[in-house]
Amino acid sequence: IVKKVLENKEANYKPETNKRKVFIRNRLDNSFNEFELDYKKSSIDQLDREAIALFEEKMPRNPTSYTDLMGELYFNEKKDDSIRLKIDPLRVVSLEEPDITELEQIADIMEEAFANTGEGEYWKVKSGIFGSRLDSADIASDPEQDSINENRRKTRELLSEVKYGLGFSSMDNKRSWEFLHKTGKYKYTLAGGIRVNGEDAYIIDFSPGRGGRYEGRMIVTMESYALIRADYQYAAGKTGKDFQMLGVGFTEKDFVGSIFFEKKGDNYLLKYFSVKMDFNIRWDRSLALLKKKKRFMFNKRLKEIKVGILANIDTQQSTEFLMLEDSELTTQEFHDFQQPEYTDIIYVEQFDDDLWKGFSIIEPTGQMRDYKKQSIR
């Protein structure tokens, strides 16, 4: 039964050209267990030992961010078209970042240094034997962006985040959907049957066998073998990616996923999903930023700042998608829609229910209601 889910995937989850209203919530919580900066040297004006020490002192230890987005997604079923998805953001509410004057001053110093990059000069970031040249597009300021109101974002940036989130619902990621792609690693139990929206379906529980990492329950329709719901997580004692090399470490500590599809005609459309991941990042290495000038044989070093960084960060990242309503759309209507270049952002210091009065949204958690913008002393 489980193997047939992927065998029938193309028939059950067919792309459609339509418009769908969606509510999306992204949340990120960080906890700095350790954060130390060890000044090595600097030839960049104003970035001396005292400035680095101040940066370390003012760095927030428990930064939190969230963004709620209500918008309309325009889907294009034509696989040969270069553009398959557009977005019309209707309202975006984001937690305002804490005001840290000292950190902004350091950012201004670096921006000025990058702006004074002459012909034949370039910047490079290096750690030990590893180094990478910075592309000018990555460090140059955008005059157009600087000239607009600061409470706006480029819509294409929001679209990239939406695309990344929707990737989970495709079931193509063999790691996130290991229990479908690598059935030999799991034990499955037929827990019973259920009728969902007029369809008979199997209830199947699964747990790790030889090398699997997830445990959970899925509901699969009896006739079409469509997975219409799955709730799963890392089993006890299991983790995801885990590596430690040359002073850099990364561990996926926990994963919780849930997804629900709704039948429309002979097709199954995404209705809701949520993904929550806990991971730990460790860094114990020196990092150098260098400004160089091209010349024959060996490039000349013009500027350099080098700092040892010790950091141990626990991060919890969560994403929720709720599809609210959909309507038919022709291919021509899809192409005629012009995605706005910029999106206005409503920044708040605390979650406010009144901002979403009259809208269908995902209920905020108590933690979100209670959280306030951090004050930096």
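The model is predicted, so local features need pLDDT of at least 70 and side-chain atom pairs count only at pLDDT 80 or more, while totals for chains, interfaces and linings use all residues. Residues are numbered from 1 along each chain as its sequence is written, and side-chain values use heavy atoms, with hydrogens and water left out. Helices (H or I, at least four residues) and strands (E, at least two) are DSSP runs, numbered from the N terminus.

**Aromatic rings**

- A pair of aromatic rings is described by the distance of the centres and the angle of the planes.
- Rings of Phe, Tyr and Trp (its six-membered ring) pair if their centres lie within 6.5 Å; planes under 30 degrees apart count as stacked, over 60 as edge-to-face and the rest as tilted.
- The count under this rule is 23 aromatic pairs.
- One of them is the tilted pair of Tyr13 and Phe261, with 4.8 Å from centre to centre and 50 degrees between the planes.
- Tyr13 lies in the loop between helix H2 (9-12) and strand E1 (18-42) and Phe261 lies in strand E12 (residues 248-264), so this pair ties together parts that are 248 residues apart in sequence.
- Both Tyr13 and Phe261 are buried (buried means under 20% relative accessible area, exposed over 50%, partly exposed in between, with a 1.4 Å probe and protein chains only).
- Trp177 and Tyr232 also form a tilted pair, with ring centres 5.5 Å apart and planes at 50 degrees.
- This pair links distant parts of the chain, 55 residues apart: Trp177 is in the loop between helix H7 (155-169) and helix H8 (178-181), and Tyr232 is in strand E10 (residues 227-234).
- Trp177 is buried at a relative accessible area of 0%, and Tyr232 is buried at 2%.
- Trp177 and Tyr232 belong to one aromatic cluster, whose members also include Phe168, Phe179, Tyr186 and Phe321.

**Charges over rings**

- A charge sits over a ring if NZ of Lys or CZ of Arg is within 6 Å of the ring centre and within 35 degrees of the ring normal.
- The charged end of Lys86 sits over the ring of Phe334, 4.8 Å from the ring centre.
- The charged end of Arg133 sits over the ring of Tyr122, 4.1 Å from the ring centre.

**Cavities**

- A cavity is a set of points, on a 1 Å grid over the protein atoms alone, where a 1.4 Å probe fits but cannot get out; lining residues have an atom within 4 Å of a point.
- Residues lining the second largest cavity include Asn197, Phe261 and Tyr268.
- E12 gives the largest share of this lining, three residues.

**Helix H3**

- Ala51, Ile52 and Lys58 are buried in helix H3 (residues 49-58).
- These residues cover an arc of only 135 degrees around the axis, which puts them on the same side of H3 (the arc is that of the directions from the helix axis to the C-beta atoms).
- Glu50 and Glu57 are exposed on the other side of H3.

**Positive phi**

- Most residues other than glycine have a negative phi.
- Asn197 is not a glycine, yet has a positive phi of about 50 degrees.
- Asn197 is in the loop between strand E7 (186-196) and strand E8 (199-208), and is exposed with a relative accessible area of 59%.
- Tyr225 has a positive phi near 55 degrees and is in the loop between strand E9 (214-221) and E10.

How values were computed:
On a 1 Å grid over the protein atoms alone, a cavity is a set of points where a 1.4 Å probe fits but cannot get out, and a pocket is an open set with protein on both sides within 12 Å along at least five of seven lines; lining residues have an atom within 4 Å of a point.
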